[in-house]
Amino acid sequence: MKLRTHTYFISACIALLSYGNTTHVQAQETKPAANELDAQYTPTGSGILSYSKSNADKKNSSSHDYPTHIVKVTPGLFIRSIVALQYEYHMSDNTSLCGGVGFNYNKDILFQATGLYLINELTGNKAEANEIDHFTIYKYGNFGGSLPYLYGGVKFCNSDGDGYFEINYSRYGNALIYTSPYNNPNNNGYVYNTTIVNDNTKVKFVSNVFGLKFGTQHNTESKIITTHEFFLTLGLNVIRRDVLISTTAENSTQGLVVTYTKQKSAKNNILPFINIGYSFGIGM
């Protein structure tokens, strides 16, 4: 009887161990892989926690770090006595719309130093009879009020987002109050007993620049994105300027009578335009 009991007990233990090993092997074989668990519990779709290949591509694209809106200033405009703000709207991966507004606060120093000489050289200083040349107007002309500065363009960026070229147009000018040198004793042309007619006449020089701009732009990676842009602009400057005529006559009671008359039709001069500059901007 004891022998039979021991035999039953040993058989039961062997059966229990066999069942446990079989269950353990099956559990190991049916355990899902790690990537299967990720697929089961990672949200899909377009939610905040979802992940897709398109999201990864967006993070790696160069346009991801390019600001949509940029407000810029160009320090070189101060040399032309112009205060202006410029704006860029990045409308697609490779295209931006640009604009700018401002005004001048004084005479254009750069134009006085270079532009007048270019007009003289390219036109041969072909002045009409009794016309006051542009050098004299700028020399004796005082600042006569602000004129608007306008800027617009379309910008095309390369695939990296750094280099670009831009087709643009800008308009700015100078208004001068021409004061006759006959009225200034410090000038060599001063004449005593002189009567001036239509003195302090306002004369305008307005530039219309059609340009092609090449440059590179670097954007910082920070909470406040700053942009640093270096560029070269080539184009044509169409200058429209008023024509001022002077006539003189002797009068027994008034002495020398000098009369200034501004003609209704203005003159146009076409000059080459080149500009090398830098712009600083803040993007968002």
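Which residue lies over the face of F231? That residue is K213, at 4.2 Å from the ring centre. A charge counts as sitting over a ring if NZ of Lys or CZ of Arg is within 6 Å of the ring centre and within 35 degrees of the ring normal.

Residues are numbered from 1 along each chain as its sequence is written, and side-chain values use heavy atoms, with hydrogens and water left out.

Now to the rings. Across the whole structure there are eight aromatic pairs (rings of Phe, Tyr and Trp, the last by its six-membered ring, with centres within 6.5 Å; planes under 30 degrees apart are stacked, over 60 edge-to-face, the rest tilted). One of them is the tilted pair of F230 and Y278, 5.1 Å centre to centre with 45° between the planes. This pair links distant parts of the chain, 48 residues apart: F230 in strand 9 (residues 225–241) and Y278 in strand 12 (residues 267–283). Elsewhere, ring pairs join F111, Y138 and F205 into a cluster.

Finally, confidence. Mean pLDDT (the predictor's confidence in each residue, from 0 to 100) is 78 for the protein. Over residues 22–27, pLDDT stays under 50. Where pLDDT is low, the predicted coordinates should not be read in detail.

Terms used: Predicted model: local features only at pLDDT ≥ 70, side-chain atom pairs only at ≥ 80, totals over all residues. Helix = DSSP H or I, 4+ residues; strand = E, 2+ residues; numbered from the N terminus. Contact = heavy atoms within 4.5 Å.
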